[in-house]
There are 2 protein chains.
Amino acid sequence: MQKNDSEKPLILVTNDDGIHAKGLRELVEVMQFFGDVVVISSEVSMSGKACGITVDQPLRAVPVEKIHGVPTYKCNGTPVDSVKLSFNSLFERTPDYVVSGINHGSNASISVIYSGTMGAAIEGGLHGVPSIGFSLDDYGSEADFSKAKLVVARVFQSVIENGIPAFTCLNVNIPKGKPEGIKVCRQAHGKWMEEFEKRTDPHGREYHWLSGYFQNLDEDTEDTDIFALENNFATVVPVRVDMTCYETMDQIKSWKF
Amino acid sequence: MQKNDSEKPLILVTNDDGIHAKGLRELVEVMQFFGDVVVISSEVSMSGKACGITVDQPLRAVPVEKIHGVPTYKCNGTPVDSVKLSFNSLFERTPDYVVSGINHGSNASISVIYSGTMGAAIEGGLHGVPSIGFSLDDYGSEADFSKAKLVVARVFQSVIENGIPAFTCLNVNIPKGKPEGIKVCRQAHGKWMEEFEKRTDPHGREYHWLSGYFQNLDEDTEDTDIFALENNFATVVPVRVDMTCYETMDQIKSWKF
């Protein structure tokens, strides 16, 4: 169902850190200035779930204690599952905006590929509504979101005024501390190095913890999200849901299959 | 470690349907014509896991019965976890190619976003080696892969001859039956509709099964993977790991933040 002209927009708030995360509550608080808010998220962390969906077990969405007085559901699925349920009759009307976060930790550069926060935003974009993932470059559960919330409000205000091009969503990352401003950037090329820590369990069997460090592979980085974040700017990267590499199509068409 | 000039290339084979899937065995058989093969996959289905990674539990990779005589590991993580482990000291040398599949079911159009098969291929691309996800448009566990294997061989031969541009991988989908040929395509714009089937459990509580049908949102579809597949062509879509929407950057830069 679509909203009447008299209604405020419906803003869906979700995240991948789970329903008890501080960043989720902070995001709800900001969104209440802009419209009617509903919340759906998992009870447990869904970090690293990317655009994952749940195909092998049924999903449940159950009302729980309201966050800041707004309807709040817990879901046993991924962030994408939560968004899909929200566009499929969970609420009386479908969301007009999807916002995800505020994530505890950066989703700059290649993290966009693995991030459940961004999975939710990409799914919102696929459903044709303006969608944004917000992340704070601070992994602590008690991170200070006070300055990040001002960035969230400014970006969201701009999105209300301008919309977001179809099949695109925004990846917004916010530095610790006071941001110098907001920059539109491209995703830095980078990868994770030495990604595992090998250990041996009490029974003598090997296991591996995902770990490692990020290596920036760009030579000229000034227009990247990583560079801007490191220089205390909040970053806005438009993210395309069409993954086709148009630049290489002609090259591949020349192959003799 | 890198291979000596005298060594055959090392081809990593993985999938998201699990180590017992017929499509995995068929892919190993084709790859044995091209080089030394190693296999790593999950014991259970990882369909829909996208680019998901496992951050909250340790990973194990355990040797199991060889498939077609090649070293074979089971891993308790996602397809991306399996690829990451393979590039991080699981084997004596790092893979020169990553191939994923042959998936039981199409990964055309927007399915690239959700697919574990393509998650593995994207991760291979991030590690800088030519990587391909192969999918057969037939969900049956007893699907006939005989003609699909010829497509796999032809595409892989082309990749050996031409390489794949950096930070790109290939999404290859193969129709049921005899393919008319191989076409390089773009990802069709589409989305899933009526995505859930609502049921009530014996205790009176609602639950939802992910379901629904695909709707093509392209008006002019002749250059899309969906159109070509429907016309019995195998499709090759180059997939970019950089998700930045460069086309909209200038527009968003004009916003007054």
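**View 1. Lining of the second largest pocket in the predicted model.** Of the 23 residues that line this pocket, Ile53(A), Val55(A), Ser47(B), Gly48(B) and Tyr139(B) lie nearest its centre (a pocket is an open set of points on a 1 Å grid over the protein atoms alone, where a 1.4 Å probe fits, with protein on both sides within 12 Å along at least five of seven lines; lining residues have an atom within 4 Å of a point). Strand 5 and helix 3 (111-114) of chain B are the elements that give two or more residues to the lining (DSSP runs numbered from the N terminus: helices H or I, at least four residues; strands E, at least two).

**View 2. Lining of the largest pocket.** Here 28 residues form the lining, and Ser106(A), Asn107(A), Ser111(A), Tyr139(A) and Trp192(A) lie nearest the centre. Two or more residues each come from strand 5 (97-104), helix 3 (111-114) and helix 6 (225-230) of chain A, with helix 6 of chain A giving the most, 3 residues.

**View 3. The open sheet of chain B.** Its 9 strands follow the order 3-4-2-1-5-6-7-13-8 with mixed pairing (strands pair if DSSP finds at least two bridges between them). Strand 3 (61-63) and strand 8 (182-184) of chain B stand at the edges with a single partner strand each, so one side of each lacks a neighbour in the sheet. Strand 1 (residues 10-14) and strand 2 (residues 36-42) of chain B run parallel, joined by 4 bridges, and Ile11(B) stands opposite Val37(B) in strand 2 of chain B.

Local features of this predicted model need pLDDT of at least 70, side-chain atom pairs count only at pLDDT 80 or more, and totals for chains, interfaces and linings use all residues, while side-chain values use heavy atoms, leaving out hydrogens and water. Residues are numbered from 1 along each chain as its sequence is written, and chains are lettered from A and ligands numbered from 1 in the order in which they are written.
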